Amino acid sequence: MTQASIFLVEDEALIRMMLVDMVEELGHRVIAEAGSIEEGRSLAEIEGYDLAILDINLQGINVHPVAEVVRSRGLPLFFLSGYGSAGVPDGFEGMPVLIKPCSLDALKRIIDAVLPNGEPEKPQDKPAGAS
């Protein structure tokens, strides 16, 4: 397994800290964290990450603006929710939703399912001997 760089958006600090610990226990690295739409949108635009994990409801506001930035960059994402798939942003229906609280195994399964081939994308290298 290759280590993935993960961008995490969750407004509740204790849940965010728990998720960071879980992601790291799975061998990945959280490279940026946000607790609000404004901070999330800004970091989504500038940080280098392989996968975004986005809480659907941030202080009563839908995470749609952050999800749009992630999608515009062509990066994979999934949503977190304490309420099931209700509230998934418009245009993102059918995207994976992880129900909070979640187990380590459930988090691993969804990360593996969402990352291409279960690993972060890597630049294509030329085969040995190619010119």
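Me: Which pattern does the chain follow when read along the sequence?
Reply: In this predicted model, the chain contains four helices and seven strands. Placed in sequence order, these elements give the pattern β-α-β-α-β-β-β-α-β-β-α.

Me: What percentage of the residues of the chain count as buried?
Reply: The accessible surface of the chain is about 7000 Å², and carbon and sulfur atoms contribute 51% of that area. Among the contacts with a separation of 6 or more, those between residues 24 or more positions apart make up 65%. With under 20% relative accessible area as the cut-off for buried, the share of the 131 residues that count as buried is 44%.

Me: Which are the edge strands of the open sheet of five strands?
Reply: The pairing in this open sheet is parallel, and the strand order is E2-E1-E3-E6-E7. An edge strand pairs on one side only, and this description applies to strand E2 (29-34) and strand E7 (97-99).

Me: Which residue in E2 stands opposite Val9?
Reply: Strands of a sheet pair through backbone hydrogen bonds, in either a parallel or an antiparallel manner. Strand E1, covering residues 5-9, runs parallel to E2 and is joined to E2 by five bridges. The residue in E2 that stands opposite Val9 is Ala34.

Me: At about what angle does the direction of helix H3 stand to that of E6?
Reply: Helix H2 (residues 37-46) lies across E1 and E2, and runs at about 140° to E2. Helix H3 (residues 64-72) also packs on the sheet, where H3 touches E1, E3 and strand E6 (77-81). The direction of H3 makes an angle with that of E6 of about 160°.

Me: Is Asp55 buried or exposed?
Reply: UniProt, in an unreviewed entry, lists Asp55 under "modified residue: 4-aspartylphosphate". Asp55 belongs to strand E3, residues 51-55, and, leaving aside residues up to four places away in sequence, Asp55 touches Val9, Glu10, Asp11, Val63, Leu80, Ser81 and Lys100. Because its relative accessibility is 4%, and the cut-off lies at 20%, Asp55 counts as buried.

Me: Which residues are linked with Asp55 in a network of salt bridges?
Reply: Side chains of opposite charge can pair when their charged atoms come close. The structure holds six salt bridges, and Asp55 takes part in a network of them. The residues linked with Asp55 in that network are Glu10 and Lys100.

Me: Why are Glu68 and Arg71 separated by about one helical turn, and how far apart are their closest N and O atoms?
Reply: Both residues belong to helix H3, and the separation is about one helical turn because Glu68 and Arg71 are three residues apart in that helix. Glu68 is partly exposed at a relative accessible area of 29%, and Arg71 is also partly exposed, at 37% relative accessibility. Glu68 and Arg71 form a salt bridge in which the closest N and O atoms are apart by 2.9 Å.

Me: Which peptide bond is cis, and what is its omega?
Reply: Pro101 has its place in the loop between E7 and H4. The cis peptide bond joins Lys100 and Pro101, with omega at about -10°.

Me: Near what value is phi of Gln59?
Reply: Gln59 is placed in the loop between strand E4 (57-58) and strand E5 (61-62). Gln59 counts as exposed because its relative accessibility is 57%, the cut-off being over 50%. Phi is positive here in a residue other than glycine, with a value near 50°.

Note on methods:
Residues are numbered from 1 along each chain as its sequence is written. This is a predicted model: local features need pLDDT of at least 70, side-chain atom pairs count only at pLDDT 80 or more; totals for chains, interfaces and linings use all residues. Side-chain values use heavy atoms; hydrogens and water are left out. Helices (H or I, at least four residues) and strands (E, at least two) are DSSP runs, numbered from the N terminus. Buried means under 20% relative accessible area, exposed over 50%, partly exposed in between (1.4 Å probe, protein chains only). Contact means heavy atoms within 4.5 Å. Accessible areas come from the Shrake-Rupley method with a 1.4 Å probe; for residues, only the protein chains shown count as cover. UniProt positions are given in the numbering used here, feature names are shortened, and annotations may be inferred rather than shown by experiment. Two strands pair if DSSP finds at least two bridges between them. Axes are lines fitted to C-alpha atoms, for helices over the stretch in contact, and angles run from 0 to 180 degrees between N-to-C directions. A salt bridge is a side-chain nitrogen of Lys or Arg within 4 Å of a carboxyl oxygen of Asp or Glu.
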